[in-house]
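I opened this notebook to record what I looked up, one topic at a time. The sequence and the structure come first.

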Amino acid sequence: MSTVAPGFDFFAVGELPAPNLSTDEVTAIVAAEWGLDVVLEPLGSQQDQNFVARARDAAALPLGVVKITNPAFTATELAAQDAAAERIAAAWPELRVATTTSTDGDGTVAGTGPRPGPRSIVAETSEGPLAMRLLSFLDGGTLTGDAHLAPAAVARLGELAAKSSLALAGLEHPGLERVLQWDPRFADRVVALLAPHHPDPARRERLVAAAESAWATVAGLADELPQQAVHLDLTDDNVVCRAEGGRRLPDGMIDFGDVTRSWAVAELAITISSVLHHAGAEPASVLPAVRAFHELRPLSASEVAALWPLVVLRGAVLVVSGEHQVQLDGGANAYAAAGLDREWRIFEQACSVPADVMTAVIADALGLASGAERSATTASSTPSPGASSGDPLRLDVSVFADAVDGGAWQDGEALEERLALDALDAGAPAAWLPRGAPRLTASRTLAPVSPATVPIGVDVWYAETQRLEASEHLEIDGAAQDADGVWIVPARTRIRARLGRAGAPHLVRPEYAAGWLAVTLDPAPMLELEADAGAGAGAGAGAETIAGARASTAGGKALLDRRSAAFAEVQEHYYDAPPQVERGWREHLADTGGRVYLDMVNNVTPLGHGHLGVAAAVNRQLRRLNTNSRFNYEAVVEFSERLAGLVPEPLDTVFLVNSGSEATDLAIRVALAATGRRDVVSVLEAYHGWTYASDAVSTSTADNPNALETRPDWVHAVEAPNSFRGRYRGSDATRYAPEAAARIRELAAAGRPPAAFIAETFYGNAGGIPLPDGYLAEVYAAVREAGGLAIADEVQAGYGRLGDWFWGFEQQGVVPDVVAVAKAMGNGHPLGAVITTREIAATFRSQGYFFSSTGGSPASSVAGLAVLDAYAADGLQGHAAEIGRQLKQDLEELATRHPLIGAVHGLGLYLGVEFVRDHETLEPATEETRAICDRLLELGVVMQPTGDHQNVLKTKPPLCIEAGSADFFVEMLDRVLTEGW
């Protein structure tokens, strides 16, 4: 694969020390040659020397980048670099591309008249003649460093690589004919030449072995890989960014010093390798870039097969080259020295998954055949028949399995063993777990990465001892071989069988399942187990499939497409690419791949998900009776009595409904009926529901961008009592109440006395901000003075979430006339209530009769009773106070280290973490908050923004959250704010 190169030949030069001119010398050359008075700031480079040039008398953007090229490179090669930059800039005008600057003499820069002509010269320097160019400066910075790269940024890298490849495909230039150490066509020679210089023998051995293996694959494909002009260094260091959606996304490219002719796929290989050293990155992290590249510039089957081996080779070349350069420059090259750890991480990550597995993962991600799939006919084996008869029973421990009740999945292998032995006791000759179906029992409770849940083999328990013929392709854990090589499988003992890949892990992570399944075989037919058999007795009807496992790693896109086709679009979902969540337990949620997430937003389920007590109570009642509340049955009476007992006198009468929206709607209607009036006073930035009346008094522009313009004339909004970012802050927040009271008196004086004042008792929609002390007391007094009623919206704050108080109005030291409550009441079962006085409730008779079909049904009532029983048994209110205090303290400590946190609001487990870009102006960090939530999801935390500015983390987990889970949330938030999003 040698190439005749009229230009630079790395193997002929041998050593490539970088230029090392002083800043003063370069400043003088720039002034003499280009007539520019500049201040220079050194930039790093491994083999060249670079400076940012700024006009000495101006504070504007830099004039450009002074690039001093290594003397080993020819003028022809520099011309090719300029041609490549200009070609990409012309092909893709939307991209920012660093080209060599020039002037016709009539332009000025910061008052300095530059000399005409291109800013490209050969200067006489203290180190001899050196080529110098002034390249255009592109602002926004690069992705240099180890900060986390979001999938959107990785995808943009792939898009830039594709656009470069497409633009350069037709470029012909003699300066492209060069032999660079970075060109993967010569990677085997570079590693062979430089590896002996690596100071660590163990690492040296790993590098050589990995490079030789990868090169063997690439060499076999080389003739099928198209060649063309390539940038060859479109890495995180050589792209420039713009801020988009709270992230910095690349939109331009710099540094064309490595432009050459090489394999076209090398452009992508080098780009994605640069992702691997970033925080949280792993091989699967590059898939967004591969997809984006393939969408614009499709990869051939041979290019797909060569791609990951090229990434491995790139990692090896970076390591040996970096170590060699540091030695060559005698430690003076700080840039090269700083990159050693980064380059080793790239190599380690590239080798962390076998290349053929990653090839199959990539092929699967692109919807292509991997070429690594193997036929089961490559091996055969026959088990000896046992004494049992009948069919083997296929077990199901997927996220859909009925056998995995509540948190039983945390029993792991013990649960699997119990199910298997039960099946054998029932007469099955064998019980088995199939390959490819993600196992919920293999998941960990919480972790910042997904667990290994997908088996590439099968687990089997036989009722009788088995003798299985040996096969070189078959591995069995838990069995022994006799002298003839026959596997002896003990009765009633788990064995793990894999086929087709020696030393393969039994369980793999869902991200890599498609790859491992492609390079291994299903041993089930060899063990006389039906590979495609349906789930056996006791298994869930929706048992997970391999296809489902793959879909889960792609965010459940197929299910989202079905949802979009049948479900009203306005009923939004969390996240752009959400996981498919099918199971929950306490504060945990699990997706179809077995990934467990910490649920930090679900105030609908205070007892947690999958609560067995509530489930059993509702199940029992549904088997007995479920009808509407106009029938006479005990449950609705007992539940109403219990609710009435939770509020202070004179509140004593209950209406039962289905939701918080209906509760607030009914509360308003009750007030209208009781007073005979039509006007209502509400608070700005509040959300009360989606029904006509509850929506009418909702003023949150986050929930409805037109909220303020579409209020009916009977709704009168007073200023939001936001003591953090409102008009009155801190101690001045006491001014909100008198102004609200004055507005109520104005309405009364104008002949429109309000029927009611409605407000959340704790300012939840704005992020869990307590109302100013005395606020409700003064405003309630004013509305009652005008003959109206005080409505407390306790839908979110009520039911013990505040910890020290069961109701939010208790924190304010008041008693409302009407209370609307929901959410927590049914632990996810649709249940809400309005609680008021007997006298006020009686006035609603003027509206006719009232009932709610399921709000007061037997099933709903027993659900509500079961929730109250669990509150008492588990001490959830006290638990919320205890965990909430520690969680808030830990979040406030984070705020001392992360300036993006403007404040931590709230009480108990009703908290909000507010992000601001500036602590003086309180400019909301809206886009950053959404991006942070996306990154938290990657790390296993479900979190969403709230507030009119969508810049507050809605921190309202199930009240049963354990201390370790709260700690995990704080740790992951700290990690996101440290590593980036």
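This is a predicted model: local features need pLDDT of at least 70, side-chain atom pairs count only at pLDDT 80 or more; totals for chains, interfaces and linings use all residues.

I began with β19, which two bridges join to strand β20 (residues 487–489), the two running antiparallel. Strands here are DSSP runs of E with at least two residues, and helices are runs of H or I with at least four, numbered from the N terminus; two strands pair if DSSP finds at least two bridges between them. Opposite A480 I found I488 in β20. The open sheet has three strands in the order β17-β20-β19, with antiparallel pairing. Because β17 (466–468) and β19 (480–481) stand at the edges with a single partner strand each, one side of each has no neighbour in the sheet.

Residues are numbered from 1 along each chain as its sequence is written, and side-chain values use heavy atoms, with hydrogens and water left out. The protein chain averages a pLDDT (the predictor's confidence in each residue, from 0 to 100) of 91, and 92% of the residues score at least 70. Over residues 371–388, however, the pLDDT is below 50, and beyond near neighbours in sequence I read 40 contacts (heavy atoms within 4.5 Å) for this stretch in the model.

**Helix α9**

Just after α9, G330 takes a positive phi of about 60 degrees.
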